[in-house]
Amino acid sequence: MIEYELIQQQVRELHARADRQRLVREARNARRAQSRLVATRAERRATRLREC
């Protein structure tokens, strides 16, 4: 019974770690996407300024 409980605890810990890693990866990807948006906006703004 104790071995079963230890295995269950390890499974919960692995699930928690996987969730944290997924959240970190999603946050990192969101930051990259946001910085790409900001960079493209800045590029467009720069081209508009040159046209004037």
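Reply: Happy to! Arg 31 is exposed, with a relative accessible area of 55%; here buried means under 20%, exposed over 50% and partly exposed in between, with a 1.4 Å probe and protein chains only. This is a predicted model, where local features need pLDDT of at least 70 and side-chain atom pairs count only at pLDDT 80 or more, while totals for chains, interfaces and linings use all residues. Residues are numbered from 1 along each chain as its sequence is written, and side-chain values use heavy atoms, leaving out hydrogens and water.

Arg 31 sits in helix H1, residues 2-51 (helices are DSSP runs of H or I with at least four residues, numbered from the N terminus). Together with Arg 25, Arg 28, Arg 32 and Arg 36, Arg 31 forms a positive surface patch; patch members have over 30% relative accessible area and no salt bridge, and like charges are joined within 9 Å.

Now for the salt bridges (a side-chain nitrogen of Lys or Arg within 4 Å of a carboxyl oxygen of Asp or Glu): the whole structure has two. Arg 22 pairs with Asp 19, their closest N and O atoms being 4.0 Å apart, and with Glu 26, where that distance is 3.2 Å. Asp 19 lies about one helical turn from Arg 22 because they are three residues apart in helix H1; Glu 26 and Arg 22, four residues apart in helix H1, are also separated by about one helical turn.

Notes: Patches are made of residues with over 30% relative accessible area and no salt bridge: like charges are joined within 9 Å, nonpolar side chains (Val, Leu, Ile, Met, Phe, Trp, Tyr) within 5 Å. Accessible areas come from the Shrake-Rupley method with a 1.4 Å probe; for residues, only the protein chains shown count as cover. Lys and Arg count as positive and Asp and Glu as negative; His and the chain ends are not counted. The place of a charge is taken as NZ of Lys, CZ of Arg, CG of Asp or CD of Glu. Helices (H or I, at least four residues) and strands (E, at least two) are DSSP runs, numbered from the N terminus.
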